[in-house]
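Work through these exercises with the sequence and the model side by side. Try each task before you read its solution.

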Amino acid sequence: LRTQLWQVLLPAFEQHAVVAAESRKVAFSLSVARYLASDKGCDKDEGLAVRFCRWVRNEQEGTVQAFDEQLRILAPEGSGWSAGTVRKGLVTDLAQRAAREKDKLARDLLESVKKALLRRIGSELSVILDEAALDMWASITEMRSAALAAAVDSLSNAMEALESNNSSVDSLPAFATECVHDRIAEKARERSVADTVFRRFDNMFNREKTREWRSWDNVQAEHNSARQTALSVLDLFVQSKLPDLDAPHVFLSDDTVQEMKEAFNLRANAELGWAEARKAEAATRNVWVLAGWGLAILLGLDNFLWLLNHPFYFLLFLLACGAAGAMYLQHKLGSYGAVGNLVIVQLTSALANAFSPPAAAGPSGGAPGAAAGSLPVPSSRPSSAASDRPKSL
């Protein structure tokens, strides 16, 4: 009779086991949701993945143990009731729920790592782009590699803790390259690129129009050097120079580059005019300073006689006058080499005219020097008016 009674009550026991298993499943899902909600404000990193995996494993074991305890209390001693099938289904379902939560957490971790990588690349890249050094792309490559290595290491450890595949890690290099290209393209579309190019030129040339140009400075040479360096900065923003690119990535088209160069040349030429004007003012000021000192020395007969009696100071005065004349000629005619060439040409011409022999008489018996292209030769006999004049030194 007892055995038959156990058989009659077994379906009720199994139904109760099914209801208990379903309630444990719902309780497990609610516990997982509460746990993830409690860590919502925390950074989603490998630490969160390790903690979650440890907690969810303990939660699975605790749920199965509570289910077993509940059935043990309901089953009378000696009934031989067993809910092994229901228990096995519960264990399988809990494992599937945990796996789904792990996959969801893995996706959240991937997005969190990408956001962190984007913030790091954006902040560090802004500094590099503002500096616009000639080794800009080398710095960008090094920065990208360091940020990518940190992101890959963090995500790999998290995926390993979650027992998830690492296929999402393979997407990080392409994402990092895309972040770099997007930030540079955004920078290239701004006017700040043109301002950066001109700022590099101005730092080497007029320095915000605070530079004191001296009369011996070579304005044109420094202008060409500064202009070439500034245009090399513009070339940095034309095309990506990151290694291992499948195809070239262009930021600025040829037409845009040409327009920016023309606008830059207009501003650079205006700066050249300002520099030349400042140099002319400096040359004029130096000439007047030297001339003023010379006149101050020559004021009065006593000062002049004093100079004659002191050859050393007289020589210094002559040197000062010569320096003033040289600076004036250099300002008017160009470099000192041009002044020297002009003096040599004038001296050579004067000596040639002074020591050249008179031209021979023409075949028709005309006066000497009458041939075409010959220079007129003065007569050996001075005129009466010229002979009456006293000979001057």
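**Exercise 1. The core**

Which residues have the most contacts inside the largest nonpolar core, and how many residues does this core have?

*Solution.* Start with the ground rules. This is a predicted model, where local features need pLDDT of at least 70, side-chain atom pairs count only at pLDDT 80 or more, and totals for chains, interfaces and linings use all residues. Residues are numbered from 1 along each chain as its sequence is written, and side-chain values use heavy atoms, with hydrogens and water left out.

Step 1. A nonpolar core is a set of buried Ala, Val, Leu, Ile, Met, Phe, Trp, Tyr and Cys residues joined through side-chain atoms within 4.5 Å. Buried means under 20% relative accessible area, exposed means over 50%, and partly exposed lies in between (1.4 Å probe, protein chains only).

Step 2. The largest nonpolar core has 76 residues, and Ile121, Ile140, Ile184 and Phe237 have the most contacts inside it.

Step 3. Find the suppliers. At least two residues of this core come from each of H1 (2-38), H2 (46-74), H3 (84-131), H4 (136-161), H5, H6 (192-204), H7 (219-235) and H8 (254-298). H3 gives the most, with 13 residues.

Step 4. In soluble globular proteins, nonpolar side chains tend to be buried together.

**Exercise 2. The overall fold**

State how many helices and strands the chain has, and what share of its residues is buried.

*Solution.* Step 1. Helices (H or I, at least four residues) and strands (E, at least two) are DSSP runs, numbered from the N terminus. Step 2. The chain has twelve helices and zero strands. Step 3. Of its 393 residues, 30% count as buried.

**Exercise 3. Salt bridges**

*Solution.* Step 1. A salt bridge is a side-chain nitrogen of Lys or Arg within 4 Å of a carboxyl oxygen of Asp or Glu. The whole structure holds ten of them.

Step 1. Take Asp68 and Arg87. Their side chains meet in a salt bridge at 2.8 Å, N to O. Asp68 lies in helix H2 and Arg87 in helix H3, so the pair ties together parts that are 19 residues apart in sequence. Asp68 is partly exposed at 28%, and Arg87 is partly exposed at 34%.

Step 2. Take Glu69 and Arg72. The closest N and O atoms of this salt bridge are 2.3 Å apart. Both residues lie in helix H2, three residues apart, about one turn of the helix. Glu69 is partly exposed at 37%, whereas Arg72 is exposed at 53%.

Step 3. Take Arg267 and Asp195. Their closest N and O atoms are 3.9 Å apart. This pair links distant parts of the chain: Arg267 is in helix H8 and Asp195 in helix H6, 72 residues apart. Arg267 is partly exposed at 32%, and Asp195 is partly exposed at 29%.

**Exercise 4. A loop residue**

Is Ala132 buried or exposed?

*Solution.* Step 1. Ala132 is found in the loop between H3 and H4. Step 2. Its relative accessible area is 0%, so Ala132 is buried. Step 3. Check the backbone: phi of Ala132 is near 50°, a positive value in a residue other than glycine.
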